[in-house]
Amino acid sequence: MRRLRFTGTDSKNGGCPALHEDVDSGEVIVQGRPLTDPNDLDRLRHFGPDDAAVVVPRELLVNHAPKEMERVPKLISPAEFGQLFFDFEYSAWHLETRSRYASDEEDEGYATFVETGAAPMDLDSDWCRNISAQTATGKYVGRVRVVDSPPSEGQRFLLSYARCNAATGEDVRAVWRAEADAALLPAEDFWVFDSRLVAVLRFDDHDVFHDVEIITEPSEVLRHVQIRDAAVAVSVPYDAFAAQLGAE
């Protein structure tokens, strides 16, 4: 059975036409009104006996079909990436999918967590001060963390650190990896800014943060926004998740 992800539709009432994408093969499935007139079918070239023809508006393909066979990554520096957290106008949202982030283990708070089982509340850090300032103006900052079963040490650290994230005004949520997989959430680790720009975080084989790829192509941004909505729908607030974990 194919793992299909809804890509988009221009229908205003949820009907066809629509596009879906095979998550594994990348093939695009076009859903629309069948072309049935024998005279029309006879005029189609390379139309095989097992083929089906559907009619869709041009706008559907323009708005929601992939625009590139292979995307050429546009990379930005860590400084440019950091500036995005000062420049966004309305929202910033993160999907965290990795079992380990090497940079976390270099933080003094990680050593405290390993020793005590609780991450410190470092609300005076540059990150926390900025996010607090952003959310104080009404901007939305949120994240969903995908968690293995059982959680890795790094994931337990982040679940503990979520108290600090939440104290800055972030909407912090978590979801088990099995549920994330069932919802077809990808393994990508990315931020969406203002629903118009995606920053994909790239890591090397040792879980070290490597660089950031920026995506502004509308259909790809829309795909990531749809992933965001699905992730929020299947996740729960971090404190409810932590309580659930503690009860196991």
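The following dialogue takes up a predicted model and the terms used to describe it.

Modeller: Local features here need pLDDT of at least 70, side-chain atom pairs count only at pLDDT 80 or more, and totals for chains, interfaces and linings use all residues. Residues are numbered from 1 along each chain as its sequence is written, and side-chain values use heavy atoms, with hydrogens and water left out.

Biologist: What makes the largest pocket a pocket, and what is its volume?

Modeller: A pocket is an open set of points on a 1 Å grid over the protein atoms alone, with protein on both sides within 12 Å along at least five of seven lines; in a cavity, a 1.4 Å probe fits but cannot get out. The volume is about 810 Å³. That is the space filled by probe spheres set on the points, which are joined across faces, edges and corners.

Biologist: Which residues line the largest pocket nearest its centre?

Modeller: S103, D104, W127, R143 and W191, out of 26 lining residues. Lining means an atom within 4 Å of a point. α3 gives the largest share, 5 residues.

Biologist: How does the lining of the largest pocket divide by residue class?

Modeller: Into 13 nonpolar, 6 polar and 7 charged. Ala, Val, Leu, Ile, Met, Phe, Trp, Tyr, Cys and Pro count as nonpolar, Asp, Glu, Lys and Arg as charged, and the others, Gly among them, as polar.

Biologist: Why are β1 and β3 called edge strands?

Modeller: Strands pair if DSSP finds at least two bridges between them. The open sheet has the order β1-β2-β3, with antiparallel pairing. β1 (4-8) and β3 (28-31) each have a single partner strand, so one side of each lacks a neighbour in the sheet. Strands are DSSP runs of E, at least two residues; helices are runs of H or I, at least four.

Biologist: How do you know that β2 and β3 pair?

Modeller: DSSP must find at least two bridges. 4 bridges join β2 (residues 18-22) to β3. H20 has I29 as its bridge partner in β3.

Biologist: What makes α6 and α9 a contact?

Modeller: Contact means heavy atoms within 4.5 Å. R156, L159, A162, R163 and A166 in α6 meet Y238, F241 and L245 in α9. These residues divide into 6 nonpolar, no polar and 2 charged.

Biologist: At what angle do α6 and α9 pack, and what is the handedness of their crossing?

Modeller: About 145°, with axes 10 Å apart. Axes are lines fitted to C-alpha atoms, for helices over the stretch in contact, and angles run from 0 to 180 degrees between N-to-C directions. The crossing is left-handed. Left-handed means the near helix is turned anticlockwise from the far one by less than a right angle; clockwise would be right-handed.
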